[in-house]
Amino acid sequence: MRTYAFVAYFLLLLITTSCQQKTEKQIIGTWEIVDSRIENIDKYIEQFKDKYQATDEEIEREKTRIQSLPEAYYPTGITMSFKENGVYDLGGISGKWTYDEKTGKLTISLTTLDKSDFIIKKISRNRMVLIYPFQMAGVDLDFELVLERVKDEE
């Protein structure tokens, strides 16, 4: 009976390790940002409206401002490169990256900025969707970044 438990534990460990390596291998490469947006803006706008008794015009202006934030920080067309040795590049700004399978977090530390934690929402060979959670005025907001793998030049 102990032998079966050991074999089952070993297989589980092997599968877990290979899944992590698979996700890490999928991350490696160069990705272009093709879309960036706020995922959950309605909650923020409702709180803004209540807190400031905002007019319709003020609400629309604030909504436009918030919706422009992802593009300001992560513009479409910019590339993110992830190398096997943990080196990262965002449009010419270098840093380091790590991936934690348990939490699903992709941590990026740039030489010019503090570290940023992204959640990998989806990943495939050619497409990756990252969520960057942050707070504004006490409301949780999420940037959603959609990236496509850049084809290797041959």
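## Report on a predicted protein model

Among contacts (heavy atoms within 4.5 Å) in the protein between residues at least 6 apart in sequence, 51% join residues at least 24 apart. This is a predicted model, in which local features need pLDDT of at least 70 and side-chain atom pairs count only at pLDDT 80 or more, whereas totals for chains, interfaces and linings use all residues. Residues are numbered from 1 along each chain as its sequence is written, and side-chain values use heavy atoms, with hydrogens and water left out.

The mean pLDDT, the predictor's confidence in each residue from 0 to 100, is 84 for the protein, and 83% of its residues reach 70 or more. Over residues 4-20 the pLDDT is below 50, and this stretch has three contacts in the model beyond near neighbours in sequence.

Three helices and eight strands make up the elements of the protein. Helices (H or I, at least four residues) and strands (E, at least two) are DSSP runs, numbered from the N terminus. In order from the N terminus, the elements run α-β-α-α-β-β-β-β-β-β-β.

The accessible surface of the protein, from the Shrake-Rupley method with a 1.4 Å probe, comes to about 10400 Å², and carbon and sulfur atoms account for 52% of this. Of the 154 residues, 31% count as buried, a term for under 20% relative accessible area, with exposed meaning over 50% and partly exposed lying in between (1.4 Å probe, protein chains only).

Strand 8 (residues 139-149) has eight buried residues out of eleven, so this strand is largely enclosed by the rest of the structure. Strand 8 runs antiparallel to strand 1 and also antiparallel to strand 7. Two strands pair if DSSP finds at least two bridges between them. The table lists these pairings, each with one of its bridges.

Strand 7 and strand 8 form a hairpin with two residues between the strands, where Ala137 takes a positive phi near 55°.

Elsewhere, Tyr99 has its place in strand 4 (residues 93-100). Tyr99 counts as buried because its relative accessibility is 11%. The C-alpha atoms of Tyr99 and Phe118 are separated by 9.5 Å, and these residues are 19 residues apart along the chain.
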